[in-house]
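Here is a short briefing for someone meeting this structure for the first time. Please look over the sequence and the model before reading on.

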Amino acid sequence: FFHPPAFRQQYSSMLLSKVSRSLASPSSPFLPTLARSAAVRCLSTSKQITQSELAAAISNDEVNSIVVGCVDTYGRMMGKRYDPEHFMKSAYNGESNICNWVLTTSIDLEPRPGFAVANWDLGFGDFMLELDYSSLRRVGADTYVLGNLKRHVRGEGNLAVPEDPRTLLSQQTARLAEMGYGAMAASELEHYVFKSSFEEAKMAGYRNEDLQRAGWYSECYHLFQSHRTEELNKVVRNKLKGAGIPVETTKGEAGLGQHEINMSYANALDMADQHTLFKTIVKHSAEDMGLAVSFMAKPFPTDVGSSCHIHLSLHDKDSGKNEFNGSESFEGIMSTPTFRHFLGGWMKATKELMPFYAPTINSYKRYVKGSWAPTAIVWGDDNRTTGFRVVGEGNSLRIECRIPGADVNPYLAFSAAIASGIHGIEQKIEPPAIFKGNAYVADDVERVPSTLREAATLLGESELAKDFFGESVRDHFAHHFHSECDAFDAFVTDWERQKYFEQI
């Protein structure tokens, strides 16, 4: 990737020469590992496929593995790789299994105590994984499919696990459907790219000064600087498009080596699935190319954080009409009462559901004045200093929430947004007055929580969260976020040693 063009040309010629001979089989031991994986990808197609098309591809020996997974609390795809033939025998009809520990772990996969959904006293049994073939996508020689977790109860069958992030979002979109709506959504994920590999970054302790950035000056809309990572972005774009995920644009961002790849909007559940697969593709592509990427919200104190702005609108589930677009002028925006009330409900519940938008310790270090990350829970018309920004008009009228960072779990964020909006529609909640000006320096406006501990406490005490999701679900997530805070509080940081080791 970052070798001089002459080297790349020489290496490419060598690889093509090998591919042209019998040694070029994807399984050939004479090809380097990276070249073998590249050959496998080149010899196979990538697209969104149906269940029957998957069966045909497997019978034609076109599939290397079936990646079956759920989504954990951190938003990571967790699961297993199936041999294609075994998948046809054991899981093709829509069911797999995974240890129920998956919803109780730390980021390092250590089970944490205190969860009701799964624990040592219950023996950490299995969840059933009910596969959703609408998520089926082909990426090179692999096929990915996500599912919802179920709890098997003898005599009762498989019951929903509402603590499962994907199930939670499925339930909220079902509530919308009962009202005659569907939610159209998009997530804009930013990330940092490094010339260092993941292994090199780990060996360097992820220290800023020891990581080699992919850029050395701000590249926000800067086409020359962002050209330096175009080979990675091109690979990602092509894989996304091949998997049936439409890509709109790629662009540099304000940080050194920071980028954004924008996918077209889709229904909320599909968008969350695409978001999850996007992160997987970006990480896998970087790994294959000897690079590293980070989706931390604030990886470095002196650089801007990485956001995940989410866009939402409601549409009529039968006609597809944008239900935000209307003939009433509201602060100059031609809209409907549905638009106003959805915005009002979303804003009212934001602070109590903040961990669903900002789920890690690091999330809250992104909220800095003048940093492009919002600090005020106010709304404006095309105003990037506000937490909520109304954009578009007519059929493209939508609400952009600028609060989530790139570390967000999209299933939780969309669940919180939709549940809050439904509450606003049902209760006819009006939004506060439009904010005009610089929200960073405004007085008397509601601010986002400053720490995960503050946000987790608000969530654990939230009657709205209890009403939206049920008491057990609220308590499950509040416990998860408090456990994250407990782990951090027990950790001795580099900052503490630098300040206190000698001088205290």
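Which residue takes a positive phi in the hairpin of S2 and S3? Gly 75 does, with a phi near 90 degrees, in a hairpin that has 5 residues between the strands. The model is predicted, with local features needing pLDDT of at least 70 and side-chain atom pairs counting only at pLDDT 80 or more, while totals for chains, interfaces and linings use all residues. Residues are numbered from 1 along each chain as its sequence is written, and side-chain values use heavy atoms, with hydrogens and water left out.

**Strands S2 and S3**
- Strands (DSSP runs of E, at least two residues, numbered from the N terminus) S2, residues 65-71, and S3, residues 77-82, run antiparallel and are joined by 6 bridges; strands count as paired if DSSP finds at least two bridges between them.
- Gly 69 has Gly 79 of S3 opposite it.

- S17, residues 379-381, runs parallel to S18 and is joined to it by 3 bridges, with Phe 388 in S18 as the bridge partner of Trp 379.
- S19, residues 398-401, runs antiparallel to S18 with 4 bridges between them, and Arg 398 in S19 is the bridge partner of Val 391.
- The hairpin of S18 and S19 has 6 residues between the strands, and Gly 392 in the turn has a positive phi of about 80 degrees.
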